[in-house]
Each structure stands twice: as C-alpha cells, then as structure tokens.
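Student: I would like to learn how to read the features of a structure one at a time. Could you give me the general idea for each and then the case at hand?

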Amino acid sequence: TKDVAADDLYRFINKAKAGFIRVDADELTYSMHVVLRFELERALFGGKATVADLPALWNEKMEELLGVVPETDTLGVLQDVHWSDGSFGYFPSYTLGAMYACQFYAKAKEEIDGFDDLVAAGQFTPIRDWLREKIHNVGSLYPSADELCEAVTGAPLDPGIYVEHLNKKYSALYGVAE
C-alpha cells in the first residue's frame, strides 16, 4: 500500500462533483438533489405536472441544478424507492438534518473547550457527553425539531449556518475566496 497524507485523503473524500445518484452525492451537491425532488413533488401535487411528465422534467432539472443529464431513467427519475412506496415530501428532511447538524456542531464547538484538539486527538468522549446531555437524552421531550434546536442552540434553525459551513469548507478545499 502507498502512504497517503491526511490532507490528501481529506481532499479526496470531500471532492465535489455533480453526479446522477443522490445517495452517492457529495455534501456540496446533495441538497441540489433534494431541491430537484421537492420541486417535482410540488409540481405533481400542484397539478402542474403528471407522472408521465416526470422523466423529462427530471432531466431538465438535473441539467439546471447540477449540469448533468442521466442517459436512463434508472439513473434519473427511478433511482429512489421513496415515490414507488408512496413516501412523498420526505426528501427535504435530509437537508433539514444537515442544517440542524451544522447548527448543533457550531454550538458544541462554542461550548466544549478545546473541541478541535479533542477531535484531533481522537478524544470524542466530551463531545459524546455533550450530545447525550443536550440532544440524545432530551430530544424526544420537545414537540418538534425546531423547539429542540432552540433549546440546544438558543436560536431557531438558521440555514445561514449550513451555507456558511459549506462555503468555509469548500472554499478552503478548492482554494477560492469565501
């Protein structure tokens, strides 16, 4: 085997590249896959599209949002099981989860002394304990994720924190100004 520097591995596993398959998408383009599905669901339920329209609309949205067009419906509109089992309106929860995670992460970094040093040293116990105290042990006591978010972070969900995370991370990875 060849030795690989940690920074090189980090850049490799965080490479951003538009692709066809949502579950294979990187952190930066994943939400565009969610937007595509949300917009198609909204068109379906709003009477602006039919099921027969979906393959063509899918391809148009893929090109608009990600700059790629699948050659087959298997790589496109048929790739997820959600719609075939009646799970509509589900996709936005994936991006909401990422947004909550970024906000919880920001708060944990603020409240846990030496957070980055702990991670670098592989000492995750203080972070796990913070998660248990703030989220895992009490999460079900709140009627909504929004209320949990306010209890943990002192603020409602702020999409700007997620966008800031992506900007900071990928600006550094690709050497571009934020």
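Student: Let me begin with accessibility: is Lys134 buried, partly exposed or exposed?

Tutor: Buried means under 20% relative accessible area, exposed over 50%, and partly exposed in between, with a 1.4 Å probe and protein chains only. Lys134 has a relative accessible area of 24%, and is therefore partly exposed. Please keep in mind that this is a predicted model, in which local features need pLDDT of at least 70 and side-chain atom pairs count only at pLDDT 80 or more, while totals for chains, interfaces and linings use all residues. Residues are numbered from 1 along each chain as its sequence is written, and side-chain values use heavy atoms, with hydrogens and water left out.

Student: With which residue does the side chain of Lys134 meet in a salt bridge?

Tutor: A salt bridge is a side-chain nitrogen of Lys or Arg within 4 Å of a carboxyl oxygen of Asp or Glu. Lys134 meets Glu111 in this way, at 3.4 Å from N to O. The pair links distant parts of the chain, since Lys134 belongs to helix H6 and Glu111 to helix H4, 23 residues apart. Glu111, at 34% relative accessibility, counts as partly exposed. Both residues belong to a network of salt bridges that also takes in Lys107 and Glu110.

Student: How many salt bridges are there by this rule, and which others should I look at?

Tutor: The count comes to 11. In one of them Arg37 pairs with Asp80, the closest N and O atoms being 2.6 Å apart. Here Arg37 sits in helix H2 (residues 30–45) and Asp80 in the loop between helix H3 (54–66) and H4, 43 residues apart. Both Arg37 and Asp80 are buried. Another salt bridge joins Lys61 with Glu39, where the closest N and O atoms are 2.5 Å apart. Because Lys61 lies in helix H3 and Glu39 in helix H2, this pair ties together parts that are 22 residues apart in sequence. Lys61 is buried, with a relative accessible area of 19%, whereas Glu39, at 22%, counts as partly exposed.

Student: How many helices and strands are there in the protein?

Tutor: Helices (H or I, at least four residues) and strands (E, at least two) are DSSP runs, numbered from the N terminus. The protein has eight helices and zero strands.

Student: Which residues of H6 are buried, and how should I read their placement?

Tutor: An α-helix has 3.6 residues a turn, so residues three or four places apart point the same way. In H6, the residues Ile127, Trp130 and Ile135 are buried. They cover an arc of only 85 degrees around the axis, taken from the directions from the helix axis to the C-beta atoms, which puts them on the same side of H6. Glu133 and His136, on the other side of H6, are exposed. The cover over the buried residues of H6 includes helix H4 (92–111), helix H5 (115–120) and helix H7 (145–153).

Student: What part of the residues in the protein is buried, taken over the whole chain?

Tutor: Buried residues make up 30% of the 178 residues. The C-alpha atoms of the protein fill a box of roughly 55 × 50 × 35 Å, taken along the principal axes.

Terms used
Contact = heavy atoms within 4.5 Å.
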